[in-house]
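Hi,

Here is the structure I promised to pass on to you.

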Amino acid sequence: MIFDPNVILKHLPEIIQGTGVTLALWIAGMAFGIALGFLVATTRRYGGKATNVVLAIPVEILRGTPFLVQIFLVYYGGPFAGLSLGPIPCGLICLTVYSAAYYSEVFRAGFAAVPHGHVEAAECLGLSRVQIIRRILLPEMALIVLPPSVNLAVILLKESAVLSIITVPELTTTISAIGSQEYAFLEAIFLLAVIYWAIVEASAKLGRIAEARLSTFRFSAP
Amino acid sequence: MSFKLFFLLLKAAGWTLSISLVSILLGFALAIGLSAVLLSSKRLYRAPAELFISFFRGVPLLVQLLFIYNLLPFIGLNVPSVVAAIIGLTLCTAAYQAENLRGGFESVPRGLIEAADMAGFSVRQIFLRIKVPIAMRLTFPALVNEAIMILKSSSLVSVVGIVEVTKMAQDLASSTYLPIELFSSAALIYLVICWSIALIGRYTERALPGGVK
Amino acid sequence: MTLPAINVKKLVKRFGTATVLQDIDLEVPEGKVSCLIGPSGSGKSTLLRCMAFLEESSEGMITVNGEALGFFENARGERERLPAAQIRAVRSQIGMVFQQFNLWPHMTALGNVSEALKTVHKVPKTEAEDRAMAQLKKVGLENRANHYPSQLSGGQQQRVAIARALTLSPKIMLFDEPTSALDPELTGEVLNVMRDLAAEGMTMVVVSHEIGFAATVGNQISFLDQGRLLFTGAPADVFAKPRHPRLEQFLDTYLDRGASMLV
Amino acid sequence: MTLPAINVKKLVKRFGTATVLQDIDLEVPEGKVSCLIGPSGSGKSTLLRCMAFLEESSEGMITVNGEALGFFENARGERERLPAAQIRAVRSQIGMVFQQFNLWPHMTALGNVSEALKTVHKVPKTEAEDRAMAQLKKVGLENRANHYPSQLSGGQQQRVAIARALTLSPKIMLFDEPTSALDPELTGEVLNVMRDLAAEGMTMVVVSHEIGFAATVGNQISFLDQGRLLFTGAPADVFAKPRHPRLEQFLDTYLDRGASMLV
Amino acid sequence: EDVLAKVKAAGTLKVGTETAFAPFDYIDAGEHAGLNVDLFAEIGKELGVKIEWVALPWEGVLPGLEAGKFDVVAGPATITKARLERYRFTVPIAEATVAILKKAGAPISKPEDIAGKAVGVGKATAQLAQLTEFSATLPTKVDIREYPAFNDAYADMAAGRIVAVANSLPNIAFVAKQRNGAFEVVLPPFGKKTYFGFIGTKDADHASLVDAIDAALLKMKADGRMAKLQEKWFGQKFDTPDAVKDPAF
Ligand SMILES: Nc1ncnc2c1ncn2[C@@H]1O[C@H](COP(=O)(O)OP(=O)(O)OP(=O)(O)O)[C@@H](O)[C@H]1O
Ligand SMILES: Nc1ncnc2c1ncn2[C@@H]1O[C@H](COP(=O)(O)OP(=O)(O)OP(=O)(O)O)[C@@H](O)[C@H]1O
Ligand SMILES: [Mg+2]
Ligand SMILES: [Mg+2]
């Protein structure tokens, strides 16, 4: 088998499109996941003990089962429960919920890492709960949650390859189809590896830049 | 859903467990070596290890598995399915664990090493008697997490021809048309295993002597 | 006798089943400096935190300038929680300075001091910063206004924390071991700021290991041990003729090391 | 005059371009307690760490009981590093106790104390543990032998650290602020152990903020400021008639607060 | 190195396949079953070797063959011109003409009725090519959905995401029988007449092995074993040629 770069050139438009779908699903799933995860984390922190325990159940289930099984359950089992979703909506919803579970834990750890005294100082000065979250907790934990968030983003990008199994027309689906169509398996796998790797490296780099920006005000923790 | 189907899933869980377990152990051994290289002061030694880690952390496991299964034969290494699955999971987890361990070694407080230095320990004795146990203790929670991650990732090894829990559920679902029951059962099996690992991990962690404060 | 600034009556505080404060009765005189001393774990911080309503007491009452803080006794003699707005109003008369400073690391010194004015009291930015600047000047840090906490020494951080608590013009200031996280040489600058405050007639409650400060600046010293208030009196009484054996023993550990210095 | 236990000659220590120690000359008399005092950042820890060869000096010489530590001056008057084995031999005469105790968290108290005997000196396990136990007894901790550091109080941890350093029978013990990480009430037990050691005639160098200890137990006190040794003498000279203005100022911050206690 | 000799020396013939292609290969209550299993059992007897199965997702099967993971692919695959250029097929084992399987009750009575409707088909299959070609002849195009395995398409039809699946007649006949009442076969088949064969590689090393498999299959055809197995799995036997040199497309 010889490596034939022409295959890649010939299918460039499809490859770009597949990359686009992967990026779009990844970013959208993550954005919704971050929002939902933040909501879950704040609700767990301020909603009382019972709410905290009740919310822990779905979070732990989502974190304790493979993403693949979750997709299968929703995609193939959903219709039997009256939830018939196309591959893309199903993929997006699964990615959102899955990432929300993980992000909620990141935020929970972030909240916990802000010294309680900083919150108390704000309470003493009369800041309301919402003001404390917005003005103290969020900015203070931004630096703490950034590295795990970037890590998580990378993990989610890689998990999104699993969506190929329910025919979402993303990167892995597209390229492996090209591979079997052209009998260019070597090229396909190689290309997949390179594209994912490039996206991961780029996002890690972005993460480091953001971290450097954020930490300018904090040479060392007091 | 009949008990027979569930029993088939349980049998397939044997593959899930054994492949994950072997990969975790092999991966850990490899990770210790890798982290030692990563801590080297010579850029020349570090570079290949960093490249290795960057690749295995930057490429989806699905693609890695295909890589190993379908491309290794072209360099004359024709590995059977089980071996390919174990190699894939091992290399992947080694990359993650090596990073964890590196962090662990770096956060062994300097003072503890100086104390050993004062008592006349050799470099090797310091590594074995002080650094390794403390780094292990510091990275233990991350290690347990990694074990859980690998267990979940093992659902992907069906692409190289292993019928583990997920693949079995998928096969059974396509002949019995009971996807909800089968995939829920698969999820349950994963949950029980993952939670057991987490529980054992937490128990062991508490039993381990002293963390660094 | 004028109304005490803070009046603690029959205060009990339990954490779960552990009783940490037991039947505390204490009057903090207005315009004076009251010091709380006692061994580690005796409940000093907890008592101070109850006065700031950072901990809710389990029994008893606290009044601040005559107004009930947190709880009041209703007509049937039952303990009842006050509405949140009222709690906030009473609490606004109190400023608190913590052992660990608790400055917000993502804001400059000026940001820390002006934050509450801006967010809580909706004071316009420029006015808030002018007022914050005035407070920073008072603690001698006008030239450090744009530094982040991590760029300040411990003593400077604690002075910013004091300025922050002062901006809302509290009537009473609570200090929880304000110098014990500082290097010995840096405590002086903080103690000086506190001395100035005392000289201005600010009502202060200070938990402190700085027996020197307590002795020279304090007007009233209270000794806590195992959750009980064993003694309250003037400094002279405390140091001259310690009566309670536990107090005597406690002071010994200090005097022993202090006195030997002059040998 | 007998040979000094440690002799520091023209010692210079630079970190990068910063000179942290400048021309230090110091003789640590055998069987006596020498204290190093001075403000924060003056170089006390660095000097002590040079004596333990945890830092390599940039210029100058240190000899321990007459033997060169780390570097020696060769025939052509050049500074040359000694072979590792020789460094180890000289260093084995020195025991070090750190401010942060630095106990190994994965070993019990007994494990910490016996570890070096077992791994470095290949002493059989039972003998090593017997000897370790004897040391623990000496610091009053025989009943804590099987506790892990996390299960011990700060004072107990520091005493284990002292026992650990003593097991290798060093001729000289170095202490870097051994009590400053401890609660005031817990320092006593560590200072008592150190007093016992001093009474037995152990040569000790102690960096300490505990001026009381320095004054009562120290035989020689050295004052460092900004990397220079400004004064060395008997405690009486230091406290009675402080000559150097910087020393006077330094002591003031202590005496001010210490003395006021007796007001 | 001659693969047949190697297989005989090792005593095992490695066969790659996908197990989501009933009735050729599928998982029946956890066990691998189907026509292929029976056929290869016979082939194994003829060659005097044991059969070792390697089950992969279809996308992994042909790369696996090229990578030498196994000696031959059971599949089977429709014999097409394009594939003949790259692979060597064995003697045909069944007809592969494409027909429509619909959800019971769906308003489809002849193949042309799928115009404008959502129809599932396997990704990168010969059936996809035929369906695409057929769709082009219809007034409104068919909404073609590609699936990694036909089982996923059937599952989606049961779930109602698609109304029909295009696949080779033997496959859908089996599925319709299995899921009695839920799915129905739409006759006649719309595709050109095509055949299924097992797949081997074209290189010289493998020639003797594929020759031997061919010989075994022809022997089974001659002595009626093949027909019996076709009856068992399809409920009918097929009249297949001894070789396909020039496929319909
Ligand atoms: N949140 C809490 N939950 C349970 N117990 C607590 C809590 N906070 C304090 N305690 C306990 O209450 C007692 C008094 O604690 P407190 O912090 O008030 O002592 P303190 O006098 O300030 O001591 P220190 O001088 O060490 O600061 C201690 O025994 C402590 O363990
Ligand atoms: N590893 C290092 N690299 C650079 N500078 C250092 C290093 N260690 C110490 N210093 C600097 O050397 C000077 C002396 O430090 P040293 O720790 O000896 O002071 P010290 O007298 O022990 O102070 P303290 O009482 O605070 O412990 C300080 O200015 C410090 O910042
Ligand atoms: Mg306290
Ligand atoms: Mg120091």
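Below is what turned up when I went through it, starting with how the chains meet. Keep in mind that this is a predicted model.

**Chains A and B**

Six pairs of chains are in contact, and A and B are the pair sharing the most contacts. On the A side 34 residues take part, and they meet 32 residues of chain B. Together the two chains bury about 2,800 Å², with 79% of that on carbon and sulfur atoms.

So what holds charges or polar atoms together there? You won't find a salt bridge between chain A and chain B, as the count is zero. Several helices of chain A each bring at least two residues to the side that touches chain B: H3 (48-64), H4 (67-77), H5 (87-113), H7 (129-159) and H9 (185-214). H9(A) gives the largest share, nine residues. Sorted by class, this side of chain A has 25 nonpolar residues, five polar ones and four charged ones.

**Chains that stay apart**

Some chains don't touch. For chain B and chain C, the nearest C-alpha atoms are 18 Å apart. For chain C and chain E, which don't touch either, that distance is 51 Å.

**A salt bridge inside chain A**

Over all chains, the search of the whole structure comes up with 48 salt bridges. One to look at is A:Glu105 with A:Arg44, where the closest N and O atoms are 3.3 Å apart. A:Glu105 sits in helix H5 of chain A and A:Arg44 in helix H2 (residues 12-46) of chain A, so this pair ties together parts that are 61 residues apart in sequence. As background, side chains of opposite charge can pair when their charged atoms come close.

**The sheet in chain D**

S5(D) pairs with strand S4 (residues 59-64) of chain D through two bridges, in the antiparallel sense. If you want to find one of these spots on screen, look for D:Thr63, whose bridge partner in S5(D) is D:Ala68.

Cheers

Note on methods: Residues are numbered from 1 along each chain as its sequence is written. Chains are lettered from A and ligands numbered from 1 in the order in which they are written. This is a predicted model: local features need pLDDT of at least 70, side-chain atom pairs count only at pLDDT 80 or more; totals for chains, interfaces and linings use all residues. Side-chain values use heavy atoms; hydrogens and water are left out. Contact means heavy atoms within 4.5 Å. Buried area is the accessible area (1.4 Å probe) that two parts lose on being put together, summed over both. A salt bridge is a side-chain nitrogen of Lys or Arg within 4 Å of a carboxyl oxygen of Asp or Glu. Helices (H or I, at least four residues) and strands (E, at least two) are DSSP runs, numbered from the N terminus. Ala, Val, Leu, Ile, Met, Phe, Trp, Tyr, Cys and Pro count as nonpolar, Asp, Glu, Lys and Arg as charged, and the others, Gly among them, as polar. Two strands pair if DSSP finds at least two bridges between them.
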